[in-house]
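Trainee: Could we go through this structure together, one question at a time?

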Amino acid sequence: MTDRLSATFSAPRPALVCFITAGDGDTAANLDALVEAGADVIELGMPFTDPMADGPAIQSANLRSLGAGTTTADVLRYATDFRARHPNVPLVLMGYANPMVRRGPEWFAEAAAAAGVDGVICVDIPPEEDDALGPALRAKGIAPIRLATPTTDAARLPQVLAGSEGFLYYVSVAGITGKQQAVQASIEEAVARLKQSTDLPIAVGFGVRTPGQAAAIAKVADGVVVGSALVEICGEYGAAAPTKLRELTSALAHAVHTARQEQPA
Amino acid sequence: MNTHLNSFRTQPDDRGHFGQFGGRYVAETLMPLVLDLEREYRKAQADPAFQAEFDDLLEHYVGRPSPLYFAPRITEELGGAQVWFKRDELNHTGAHKINNCIGQILLAMRMGKTRIIAETGAGQHGVATATVCARFGLPCVIYMGAEDVKRQAPNVFRMKLLGAEVIPVTSGGATLKDAMNEGLRDWVANVHDTFYIIGTAAGPHPYPEMVRNFQSVIGKEARAQMLSRTGRLPDLLVACIGGGSNALGLFHPFLDDPSVKMLGVEAAGHGLDGDEHAASLLGGTPGVLHGNRTYLLQDEDGQITEGHSISAGLDYPGIGPEHAWLKESGRVDYTAVTDDEALEGFQLLCRSEGIIPALEPSHAIAAVAKVAPTMPKDSIVLMNLCGRGDKDIFTVAEKLGVEL
């Protein structure tokens with residue numbers, strides 16, 4: 001099932017990865033807006049009561065979603081329906097360990113596979129605790145997508161890469177989602193360093209909000225992840241969010257897809 | 001995997017696992033720091049100078065050893081086992097929390113960290129952290145649930161007097177677990193200079209082991225004091241449990257004494273039948289939160305539910321992973337005590353021994369009041385009196401319908 005991810009990342013142009021939280025507003029309409037406006041990969045957040053790695057925007061989205069009664073079954077249903085509507089767009093679930101392992105990792109892997117999920121990002125399962133979820137995902141052909149961060153040093157990187165599939169998510173700032181933006185030079189240096197150690201595609205996220213930032217990152221990375229800026233739209237516009245999501249995503253997609261065609265200034 | 005059967009004191013394993021519990025369930029950004037912390041802690045453990053400084057501060061700054069006290073009037077009133085208290089409420093700052101804070105701040109300085117953060121529920125750990133920060137001249141940020149800031153105003157003022165910045169946390173239920181989330185968020189964003197002093201024997205490895213070891217001074221002293229005073233070991237140890245650090249501090253040095261039974265007391269709030277309690281072991285199920293796998297209060301989807309207790313210090317939906325393991329291994333028994341029973345325990349100790357206990361150990365007193373009468377008069381119950389009650393008099397007055 002990681003075929004969809006590898007097909008996307010083997011395209012000559014960089015990919016735009018768009019994150020929203022499941023159950024925050026009209027999820028199906030929001031996801032369709034993202035895809036129609038040019039998102040290449042969908043990252044669907046599983047809401048959790050205690051999103052420890054997230055900043056205020058995504059924390060609020062989690063609470064809005066749970067407040068609206070979103071369950072794990074609902075998240076899987078959004079995924080299943082998305083897969084039916086968009087057979088070729090890679091879909092990644094992102095979230096925290098507890099909701100994923102609650103009924104056992106095998107149950108979750110099976111359910112996610114049945115829903116057409118291509119990869120899973122679990123924030124709080126580092127390589128050291130891979131047993132808690134990784135083997136179950138791999139057995140079902142779902143890519144465990146790992147995070148590398150500015151604190152992941154050279155000694156540790158091989159451990160992060162071993163068992164990583166789909167793509168490597170480079171968290172460009174040591175911090176929580178949606179807060180500050182990394183210095184472009186540090187991203188370029190990090191991506192170059194990671195590229196020396198892996199053939200996995202590298203997507204860069206955390207603090208990416210504007211088409212300008214996305215374009216700069218897309219010059220060096222295989223993918224650009226945008227989350228908080230989209231999630232804020234869901235929070236602010238509610239039922240009217242799809243229109244606004246389409247506007248921003250369209251601008252981001254154009255910036256990312258054409259980043260490497262532009263002439264140097 | 002059977003080696004632990006020879007001893008209950010060899011946990012965790014080198015990955016920080018207590019059986020299926022514990023571990024290091026943290027974001028990748030924190031993982032290198034958690035590994036670094038473990039390395040530095042191992043070095044400190046092996047350094048006699050570190051231990052000497054820790055011991056010196058405990059003696060001259062904290063006021064250790066704390067007394068071991070035979071309580072004659074409560075013993076007589078209960079009419080069964082002799083009741084003894086380990087008087088950790090007499091420590092500087094009024095609770096056992098300071099033992100751990102001394103250890104962690106020494107480690108922080110050894111690691112060259114220049115900024116301290118902590119979470120707090122009742123405020124006892126916040127006060128203890130602010131205290132050691134003032135003592136060593138380090139800036140201190142305390143995250144505290146906005147609800148708890150309201151419930152524990154005197155401790156908030158204490159922390160501020162000590163120079164700490166107290167940040168009210170409004171996310172989630174605005175209590176201890178949310179304060180811990182915010183502490184982790186701060187840490188992940190300030191990894192280069194910040195040390196996170198976790199207040200209980202929970203969180204990612206090595207915290208559960210490290211906090212337990214710093215708190216084990218309670219049980220080591222109590223064991224030696226009891227042997228010297230009575231020539232024997234106690235029959236039963238009793239301690240209250242929120243995250244579980246005071247209980248582990250008392251229990252751990254006795255774990256390989258088979259004649260010593262142990263009872264951990266959780267907060268049953270309004271009763272285990274409903275949702276309003278904080279008894280993770282008796283009313284929860286295993287899951288992953290705040291860096292470790294342990295028993296949690298959670299729903300069928302793994303969403304964390306809010307704990308409730310009259311005591312803000314026990315109001316946490318998880319528990320230290322070593323307790324989860326000790327429960328499954330059968331070495332320690334666990335029970336729970338309601339808000340009302342704790343309130344009775346509080347009053348019992350006030351009137352029978354002239355000691356105003358915190359609401360947290362009032363839960364343990366209530367458990368002692370149930371179990372001591374069923375034991376022979378020549379048996380010994382030793383309870384950790386882990387905090388004093390000054391901070392709780394407003395809550396108690398309100399519950400008793402008294403206007404101050």
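Predicted model: local features only at pLDDT ≥ 70, side-chain atom pairs only at ≥ 80, totals over all residues.

Mentor: Residues are numbered from 1 along each chain as its sequence is written, while chains are lettered from A and ligands numbered from 1 in the order in which they are written.

Trainee: What is the radius of gyration of chain A?

Mentor: Radius of gyration is taken over C-alpha atoms, and the globule rule is 2.2 Å times the number of residues to the power 0.38. For 265 residues that rule gives 18 Å, and chain A comes close to it, so it is as compact as a globular protein of that length. The value for chain A is 17 Å.

Trainee: Which residues of α11(A) are buried?

Mentor: Helices here are DSSP runs of H or I with at least four residues, strands are runs of E with at least two, and both are numbered from the N terminus. Helix α11 of chain A, residues 228-237, is mostly covered, with seven of its ten residues buried. They are S228(A), A229(A), L230(A), V231(A), E232(A), I233(A) and C234(A).

Trainee: How is α4(B) oriented to α5(B)?

Mentor: Axes are lines fitted to C-alpha atoms, for helices over the stretch in contact, and angles run from 0 to 180 degrees between N-to-C directions. Helices α4 (residues 97-110) and α5 (residues 124-136) of chain B pack at about 45°, with axes 9 Å apart. Under 35 degrees counts as roughly parallel, over 145 as roughly antiparallel, 65 to 115 as roughly perpendicular and the rest as oblique. That angle therefore makes α4(B) oblique to α5(B).

Trainee: Which element gives the largest share of the side of chain A that touches chain B?

Mentor: Two residues are in contact if their C-beta atoms, placed from the backbone, lie within 7 Å. By that test, 32 residues of chain A are in contact with 28 residues of chain B. Elements giving two or more residues to chain A's side are α3 (56-67), α5 (97-101) and β6 (147-148) of chain A. The largest share, four residues, comes from α5(A).

Conventions. Buried ≥ 20, exposed ≤ 12 C-beta atoms within 10 Å, placed from the backbone.
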